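Thank you for making the time this morning. I would like to walk you through one model, going from contact to contact, and I will give the cut-offs as the terms come up.

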Amino acid sequence: LPVSLPKVVLKIIKHYQEEGQGSEVVQGVLLGLVVDDRLEITNCFPFPQHTEDDADFDEVQYQMEMMRSLRHVNIDHLHVGWYQSTYYGSFVSRALLDSQFSYQHAIEESVVLIYDPIKTAQGSLSLKAYRLTPKLMEICKEKDFTPEGLKKANIGFEHMFEEVPIVIKNSHLISVLMWELEDKSTVADKHELLNLSSSNHLEKSLQLLMDRVDDMSQDIVKYNTYSRNLSKQQQQKHQYLQRRQQENAQRQSRGEPPLPEEDITKMFKPPQPPPRMDTLLIAGQINNYCQNVKEFTSQNLGKLFMAEALQGHN
């Protein structure tokens, strides 16, 4: 159960506002400690943005120097994970999988915090914590992403990531300050929550969803092509063995020695199966888009029913 301090949340939001632009992704390191069955995230710092010109920049060395500096001023410096911003919920990718596997393999309790600035801008903080499931950790350790390996492990897109609940714990002074700020907020700002327009959020989410469905259909075509080629090769191999067996029978009836043994595997090399992990990631991202659309539409439908009831009452 990750427990995050508001300072960490504000730093993540500030990092995106300063360096994130549109679909630009920002990332950083989470620091904290493990207390009983809780992972307390008490601090963080961002990964610096660097271009191709910064060829000499060492990211690992930068992290070590930052943690060393924090330790010198007596601030929690233990590595407990990392954070990343997302664009309309687009975060299920091979890069995130590889990064989280590296963190979780080295530090068992580590998590990745996913911050959605677009949802947050609409009035509700969107911050979720994820970990790789034990099944996926075993697959990544063995590096067996073949269709047979994934089938043997009985893993699907719903068994890849597990969401961990987050508790944001404020001090009493911060809670009092937030109450005062809420009292000072104008009535007009509160009425914006009742806005019935869906803006372009739903349109953009559906567009991204269609793009991922197209990617999935292309992967399905690749897999079907692989299956046809494999079946065709198996038929050719079977026909070759039958012809060879018949020829050996004829040679034996004539008193001739059988044909020399040949390496069938070299003659009929099986086609390479397409990687299935990318397909699972695409399916996981499609599921994530569907959940976002479901949440967004359910909120708007609730507003529409409320508006209809108010009009009927008047």
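In which helix is Gln-285 found? Gln-285 is found in helix α11, which covers residues 277-313; helices here are DSSP runs of H or I with at least four residues, strands are runs of E with at least two, and both are numbered from the N terminus.

Before I go further, please keep in mind that this is a predicted model, in which local features need pLDDT of at least 70 and side-chain atom pairs count only at pLDDT 80 or more, while totals for chains, interfaces and linings use all residues. Residues are numbered from 1 along each chain as its sequence is written, and side-chain values use heavy atoms, with hydrogens and water left out.

Back to Gln-285, then, which counts as buried because its relative accessible area is 1%, where buried means under 20%, exposed means over 50%, and partly exposed is what lies in between, with a 1.4 Å probe and protein chains only. A polar atom of the Gln-285 side chain lies 3.1 Å from the backbone nitrogen of Phe-91.

Phe-91 lies in the loop between β4 (78-85) and α3 (94-106), whereas Tyr-130 belongs to strand β6 (residues 127-132), so the pair ties together parts that are 39 residues apart in sequence. Both Phe-91 and Tyr-130 are buried.

The loop between β4 and α3 is also the place of Tyr-88, a residue that has a positive phi of about 55 degrees although it is not a glycine. Tyr-88 counts as buried because its relative accessibility is 9%. Asp-36 also has a positive phi, near 55 degrees, and is likewise a residue other than glycine, but Asp-36 is found in the loop between β2 (27-35) and β3 (38-46) and counts as exposed, at 71% relative accessibility.

A further ring contact involves Tyr-223, since the charged end of Arg-276 sits over the Tyr-223 ring, 4.3 Å from its centre; for this, NZ of Lys or CZ of Arg has to be within 6 Å of the ring centre and within 35 degrees of the ring normal.

Let me turn to the salt bridges. How many does a search of the whole structure find? The search finds 8 salt bridges, each being a side-chain nitrogen of Lys or Arg within 4 Å of a carboxyl oxygen of Asp or Glu. One of them joins the side chains of Lys-14 and Glu-18, at 2.6 Å from N to O, and these two residues both lie in helix α1 (residues 6-19), 4 residues apart, which is about one turn of the helix. Lys-14 is partly exposed, with a relative accessible area of 47%.

Another salt bridge is formed by the side chains of Arg-131 and Glu-162, at 3.8 Å from N to O. Arg-131 lies in strand β6 and Glu-162 in strand β7 (residues 161-164), so this pair ties together parts that are 31 residues apart in sequence. Arg-131 counts as buried at 17% relative accessibility, whereas Glu-162, at 32%, counts as partly exposed.

The side chains of Glu-256 and Arg-251 also meet in a salt bridge, at 3.8 Å from N to O, with Glu-256 partly exposed at 33% relative accessibility and Arg-251 buried at 19%.

Finally, helix α5 (residues 134-142) holds Lys-141, which counts as partly exposed at 44% relative accessibility. The C-alpha atoms of Lys-141 and Phe-101 are separated by 8.7 Å, although the two residues are 40 residues apart along the chain. That is where I will stop, and I am happy to take questions.

Technical notes:
Polar contact = N/O pair within 3.5 Å; in protein donor to acceptor, adjacent residues only side chain to side chain.
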